[in-house]
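Please look through the model below with its two chains side by side. The paragraphs that follow move from the contact between the chains to the symmetry, the annotated domains and some local backbone features.

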Number of protein chains: 2
Amino acid sequence: MKITAAYTDLYQLSMAQVYFKTKPDGRAVFDYYYRSNPFDGGYAIFTGLENVLEILENLKFAESDLNFLKQHGFESAFLDYLKTFRFNGNIRSSREGDVVFPNRPILQVEANIIEAQIIETMLLNLLNFQTLIATKANRIRHSAKNATLLDMGLRRAHATGGYYASRAAIIGGFDGTSNVKAAEDFNISASGTMAHSFIQSYGDELQAFRDFAKVRPKNCVLLIDTYNTLRSGLQNAITVAKEMEEAGEQLLGVRLDSGDLAYLAKQTRKILDEANLGYVKIVASNQLDEYVIKSLKEQGAPIDIYGVGTNLVTGKPDAALGGVYKLSEFNGTPRIKLSENIIKVSLPYKKQVYRILDKNGMFYGADAVAMFTEGAVDYMEHPFDATKNMSLKGFDYEAVLQDVMTEGKKVSPSRTVTEIANYSKSRLEKLPEEYKRFQNPHIYKIGLSAQLKQERDKLVLKHKF
Amino acid sequence: MKITAAYTDLYQLSMAQVYFKTKPDGRAVFDYYYRSNPFDGGYAIFTGLENVLEILENLKFAESDLNFLKQHGFESAFLDYLKTFRFNGNIRSSREGDVVFPNRPILQVEANIIEAQIIETMLLNLLNFQTLIATKANRIRHSAKNATLLDMGLRRAHATGGYYASRAAIIGGFDGTSNVKAAEDFNISASGTMAHSFIQSYGDELQAFRDFAKVRPKNCVLLIDTYNTLRSGLQNAITVAKEMEEAGEQLLGVRLDSGDLAYLAKQTRKILDEANLGYVKIVASNQLDEYVIKSLKEQGAPIDIYGVGTNLVTGKPDAALGGVYKLSEFNGTPRIKLSENIIKVSLPYKKQVYRILDKNGMFYGADAVAMFTEGAVDYMEHPFDATKNMSLKGFDYEAVLQDVMTEGKKVSPSRTVTEIANYSKSRLEKLPEEYKRFQNPHIYKIGLSAQLKQERDKLVLKHKF
C-alpha cells in the first residue's frame, strides 16, 4: 500500500465536496495537540514530523483513487479538482524530537480548508502513533540508563505500522532494531543473531553454536536457553567462546530469553567471569518494558543489552495516543469547539507557544500559549482555574512553533533519525528529573495569555445554550 | 514502504547465512499458533492469510535491500543467493476467517529452512495483527447484534497498520469503514459525512447542515453535538430533514459523538419520532468497545449504527496477539522447544488438526491434533493432564489444515474480503454460544492423539537436563 491522498477518512472528502461548492476559498487554521500524556507520564516526545512533511510534498490522488471516488457519488467537477489536488498550505510546528505537553498546539496547519481536511487523517495517523512509541521508548531508556536497547518487535507490531515503530523507537532513545527494512530506509543500526529454531534444527546445541560462530564471528550472540540455560546453553557458549579466542575472535554475548532474568543474569555473569570471559556481554529479552527493566536494574542484574518487543512497538498499555486536530480559525475569525467536559473545549485563534527557560537554560516547567499576533507574553493564567496565574517577567523563552512548510514546500532542514534522536536527548536533558518519574510525575504547567483566555471565554459564552 | 523480503528481522538473515554455508538443503516444518485467546475470550478469528499468500508469491529482495545487507557483512555468495531468492515452499492452513483456538497449529510452513526463516517475521506480523483485530471486531459484533458497525479508527491506528485493521474489521463482522484506501483496495463499503470542524467553520450550525444536505443528500448523516445536542443540533437537523423531504430526499441519520449516549439516544429517538422522522437513524460514536455497546443495548438505547475507532483498530486492551512460529520437524526428524513452563513446550512433527462435529454439523467443542501420517483419530488426550482423555468414536470431523500454497504457488481459490467475512460468519454460527460470552467463556478442548503425545513426551525426556 502506497500512501496517496486517499489515505484518509471518507468524511474528509464528503466535507471537501461541500466546501468545493459552497466556499472553495475558505482558509483554515487547525491545531494538532493531545489532551493527556501517554502512560500517565509527565511528557511526550513529538515524533513523525519528517514523514508527514515528506508525504505532504508529494501527496496526490492516484488514478485508482479517483475511479473509486467516482463510484461513490462524487461529482465530476470535484473529481477534476482532486485530479490536480496538492497540499499548498503552511505548517508551523514543534521540532521533531522535542519534549511536548498536553493541551497546547504541537503543530499548526494553515491552508485552504479542503486541503487541511484531506490531510488530517494521515497527519493524525502518523503523528499519534510515532509520538506514542517514541515516548514509550524514552521511558524504557530512562529505566535502562546506559544499557544498550534494541527494538525486536516487528512480529508483534500492527502490521506495517511496525516500520514506523522502529523509527520512533530510535528517536525515543533506542540504539538499534531487528527490523531490516526500517534500518535500511531510516539508516539506523540493525542487529540480530539467532532464534531457538536454529539450535533446534541442529538438535546438537554445541554444534549449532560452533557453526554459527564460524560463519558469523562478528557481533556473535549465542541464545542459551533452548534446553537449559546454565547447565547446557551457557556451558556450550563458554566452549565456543574459548574456541573463538583461539581463532582470534571474540564472542560478543549470550542471550537469555526465558526464566528469571535477574537470577540467570547474575549466575551467567559469575560463571562467565570465572571462565575469564569478562568481555562477553549478557543480552536479555522476554516481555520487557520500563517497569521490568527498572526492577532488573534495582536487583543488580548485570544485563548489558535489552531486547524489547511487544510492549515497545504496541505502546502498551495505552496502545494509542488520542491526538486531535481542531479548527481554531476560519477566514480570519476565531473558532471553538465546546464540550460538556471543560478541558475538552478547544483554543481559538492562530497561536504561538512559548517555552519558559530558567537562568541556566533548563526548562522552567511552563509553556505559555498566546495569540499569534500578541508576540511573547510576560504573564500567563491557568486555562480554567481563575485563581491560578504566573508572572513570566525576567524569564527567557523560546517560540516553539516554527515554519516547517510554506505553500506546500518544506522549509525546515531535513534531519536524519539519528539527528532527531540526538536533538530529543538534548531537550530531555533540559527537563528536570521530577517530570520524568513514573509515579505521579510533576505536572508541567500550560498557561494562556490573558488575551487568549479572555477571547476564548467570550466565544464559549457566545455559543453556550 | 513496499513489503520486500527485507521486511524481516536481521537474525533471520544471520541464521540464513549459516544455513547457506552448512546445510543449504535443510527442509523444515514450522507451525504458526498462539498460546492463549485474545481478550480473555473463547476463540479467535484467523485473518490475514490472503495477504500473506499474495506477498509470498511475489516476495524478493530489492536492489536496495541487497546493498544494505552488503554493508552489514553478508558474504557475496550468500548475497548472490538472495538476489534470486523466492519462496518455493508449501503451506497448509486453516481457512481465513475460520474460528481458531490456542495451542494447535493454525498454519504450517514446509520449506527449505532458509526460506522458512526469512518469511517468518512477515507472516507473524500480518497474521498476529489481523487475527487480533478481527477477533476484537467479532466481539463488538456479538454485542451490537444486528446494528450497523462502522470502523472509524484510522487516525488512532498504528500508522499504516490501520490499512490492515480496516480489512480485519470487516472479516470480524463490521459493515464498513471510514478508511478510503482500505475500502478501495479491499472492495469494502466506505462511509463518512462530517466532522465538528465542518459546523465550526460555518459558525452557523443550521446553515452548515443545509449546505451539506444540499450538496450530499444521499446517505446524509448530520453531526449534532457541536454546540448542544438536544437544544441546537437536533433541532437544526429536524429543520433540515423537513426541508429535505420537500426536495424529495431523506435524511439518513444524526450522529451523537459525546455525552451520555444512552440518554441522548433515547431523547433523540423520541423527539425525531414526534417530528414524524421515524426513518431517521441514530448513529453513535465516542470510545466505544464491546462492553460499552453491550451496556447501551441493555439500557435500550435506540442506536442503529455504531462507529468504533481506537478500541477496535488498536485491539485494546491486548494490543498484540502473541502468535509464534515453532520448528516441529527438520529433515524428516521431529524437533521440540522445551520451556520451564510446560504449556510452552512445542509440538513436534508435521501434523494435522481435526475439528470434531456433532450430529447437526455444529462444532462439538474439540480439535484433535495428530501426526500427519496418522490420518484421523478416534481418541484424544489432554496435552498435559494424564487423567483427561476423550473418545471421538462416532463423531464426524473436518481436516482443518488444507493446502493453500504448493512450491511457492497459491493453490487455494482467491477470496474477497466479503467472501471471507461470510465464511467467518457461517463458522461462528457453528460455535455454541457459551464459547462466545465475555465472562469465563467455555473452554474449547484441544487434544493430542495418543501417538503424538507419546512422541512429544519421548522428546521432552531426551532433551531434559
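In this predicted model, 103 residues of chain A are in contact with 104 residues of chain B, where contact means heavy atoms within 4.5 Å. The size of an interface is often given as the accessible area lost when the parts come together; here chain A and chain B bury about 8800 Å² between them, with 59% of it on carbon and sulfur atoms (buried area being the accessible area, for a 1.4 Å probe, that two parts lose on being put together, summed over both). As for conventions, residues are numbered from 1 along each chain as its sequence is written, while chains are lettered from A and ligands numbered from 1 in the order in which they are written. Because this is a predicted model, local features need pLDDT of at least 70 and side-chain atom pairs count only at pLDDT 80 or more, whereas totals for chains, interfaces and linings use all residues; side-chain values use heavy atoms, with hydrogens and water left out.

Between chain A and chain B there are 58 residue pairs in polar contact, both residues being at pLDDT 80 or more (a polar contact is a pair of N or O atoms within 3.5 Å; within protein, one must be able to donate a hydrogen and the other to accept it, and residues adjacent in sequence count only if both atoms are side-chain atoms). On the side of chain A that touches chain B, helix H1 (residues 10-22) of chain A supplies the largest share, 11 residues (helices, H or I, of at least four residues and strands, E, of at least two are DSSP runs, numbered from the N terminus).

Side chains of opposite charge can pair when their charged atoms come close. The rule finds 6 salt bridges across the interface of chain A and chain B, a salt bridge being a side-chain nitrogen of Lys or Arg within 4 Å of a carboxyl oxygen of Asp or Glu. Arg155(A) meets Glu120(B) in a salt bridge at 3.0 Å, N to O, and the side chains of Asp9(A) and Arg155(B) form a salt bridge at 3.1 Å, N to O. This last pair crosses from Asp9(A), in the segment before H1 of chain A, to Arg155(B), in the loop between strand E6 (148-151) and helix H7 (161-171) of chain B.

How are the two copies related? A rotation of 180 degrees with 0.0 Å of shift along its axis superposes chain A on chain B with an RMSD of 0.0 Å (by least squares on the C-alpha atoms of residues with pLDDT of at least 70 in both). The two copies are thus related as by a two-fold rotation axis, and in chain A the C-alpha nearest the axis, 2.2 Å from it, belongs to Gly161(A). Since 100% of the interface residues of chain A are also interface residues in chain B, the copies meet through the same surface.

UniProt, in an unreviewed entry, places "domain: Nicotinate phosphoribosyltransferase N-terminal" at residues 8-128 of chain A, a span that is 45% helix and 17% strand. UniProt positions are given in the numbering used here, feature names are shortened, and annotations may be inferred rather than shown by experiment. The unreviewed entry also gives "domain: Nicotinate phosphoribosyltransferase C-terminal" for residues 350-454 of chain A; this span is 16% helix and 35% strand, and its end C-alpha atoms lie 15 Å apart.

In the backbone, the peptide bond from Lys316(A) to Pro317(A) is cis, with omega near 0 degrees, and Pro317(A) is found in the loop between helix H13 (310-313) and strand E12 (324-330) of chain A.
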